[in-house]
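Please keep the sequence and the model in view.

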Amino acid sequence: MAVTAIRPVEAQLSLRARVEQALSAAIISGELAPGELLTVPTLATQFDVSATPVREAMLDLESRGFVEPVRNKGFRVTTVSPEALREIVEVRQLLEPPAMEELARRFPAEQLPGLQALAEQIVEGARSGDLRSYLEADLEFHLTLTRLLGNRLLVATVADLRSRTRLVGLSDMLESKRLDESAAEHLVLLQHLAEGDAQGARALMHRHIHHTLGWWAGNPEAE
């Protein structure tokens with residue numbers, strides 16, 4: 001995938017954050033494939049910024065394990081092994097489904113409209129094929145839900161695990177209805193939470209995270 005295909009970024013963010021956010025979304029979704037070489041001059045031209053914020057953004061991505069330096073060439077998008085991805089998913093399964101089960105027991109109804117708006121942004125991102133919007137809204141949706149439990153360590157842990165998760169099959173899902181289906185699960189999760197259906201919320205969240213090893217990794221799932 002050519003780097004020029006990445007959508008431009010919004011001006012309200014810092015230059016460094018703009019570049020990192022755009023590249024991070026492209027790497028997570030698989031638009032920038034493992035092994036692809038990225039150069040600071042090319043990226044600076046693409047984003048219409050100087051080399052400094054691009055270089056800083058690449059160093060941030062390196063610290064997250066998304067890229068590795070290539071001497072005298074730039075940075076290469078790294079490969080995440082199936083084993084590493086499985087371990088991330090296992091930890092997430094231990095944390096997030098029980099968290100949603102607990103949240104269903106004390107879900108604040110006044111938060112529902114804002115969360116529904118985020119869920120609709122996810123659905124629209126899937127429908128329009130805007131993977132960056134999809135990923136940004138998805139992250140904000142899940143972290144907002146987690147924050148409602150009032151445990152800052154849990155929020156930080158979930159955020160870290162999600163920041164290291166790759167969904168390399170996500171871009172390929174645009175050719176099918178799978179992305180729409182997974183996006184719609186956010187609305188179903190909200191329904192379970194609003195109705196106080198703790199077991200339903202837990203089961204839905206477990207299935208949703210499992211897509212990381214299934215559809216979102218380019219693998220089939222049992223119907």
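Q: How much space lies in the largest pocket?

A: Rolling a probe the size of a water molecule over the atoms shows where empty space is left. This is a predicted model, in which local features need pLDDT of at least 70 and side-chain atom pairs count only at pLDDT 80 or more, while totals for chains, interfaces and linings use all residues. Residues are numbered from 1 along each chain as its sequence is written, and side-chain values use heavy atoms, with hydrogens and water left out. The largest pocket holds about 500 Å³ of space. On a 1 Å grid over the protein atoms alone, a pocket is an open set of points with protein on both sides within 12 Å along at least five of seven lines, a cavity is a set where a 1.4 Å probe fits but cannot get out, and lining residues have an atom within 4 Å of a point. Grid points are joined across faces, edges and corners, and the volume is the space filled by probe spheres set on the points.

Q: Which residues are the closest to the centre of the largest pocket, and which elements give two or more residues to its lining?

A: Of the 21 lining residues, Ile28, Leu135, Leu139, Arg162 and Ser163 are the closest to the centre of the largest pocket. Helices α1, α6 and α7 (152-163) each give two or more residues to this lining, and α6 supplies the largest share, seven residues. Helices here are DSSP runs of H or I with at least four residues, strands are runs of E with at least two, and both are numbered from the N terminus. The lining of the largest pocket divides into nine nonpolar, five polar and seven charged residues. Ala, Val, Leu, Ile, Met, Phe, Trp, Tyr, Cys and Pro count as nonpolar, Asp, Glu, Lys and Arg as charged, and the others, Gly among them, as polar.

Q: How many cavities of 30 Å³ or more does a search of the whole structure find?

A: The search finds one such cavity. About 30 Å³ of space lies in the largest cavity, and its lining consists of Glu96, Ala99, Met100, His142, Thr146, Val158 and Met205. Helix α4 (82-105) and helix α6 (131-147) each give two or more of these residues, with the largest share, three residues, coming from α4. By class, the lining of the largest cavity has four nonpolar, two polar and one charged residue.

Q: In what order do the strands form the open sheet?

A: Strands of a sheet pair through backbone hydrogen bonds, either parallel or antiparallel. In this model, three strands form an open sheet in the order β1-β3-β2, with antiparallel pairing. Because β1 and β2 stand at the edges with a single partner strand each, one side of each is left without a neighbour in the sheet. Two strands pair if DSSP finds at least two bridges between them.

Q: How many bridges join β2 to β3, and which residues stand opposite one another?

A: Four bridges join β2 (residues 67-70) to β3 (residues 74-77). Val67 has Val77 as its bridge partner, Glu68 stands opposite Arg76, and Pro69 stands opposite Phe75. Three residues lie between the strands of this hairpin, where Asn72 takes a positive phi near 65°. On the β1 side, two bridges join β1 to β3, and Leu38 stands opposite Phe75.

Q: How many salt bridges does a search of the whole structure find?

A: Side chains of opposite charge can pair when their charged atoms come close. The search finds 16 salt bridges, each a side-chain nitrogen of Lys or Arg within 4 Å of a carboxyl oxygen of Asp or Glu. One of them joins Arg86 and Glu83 (2.4 Å, N to O). Arg86 and Glu83 are three residues apart in helix α4, and therefore about one helical turn separates them.
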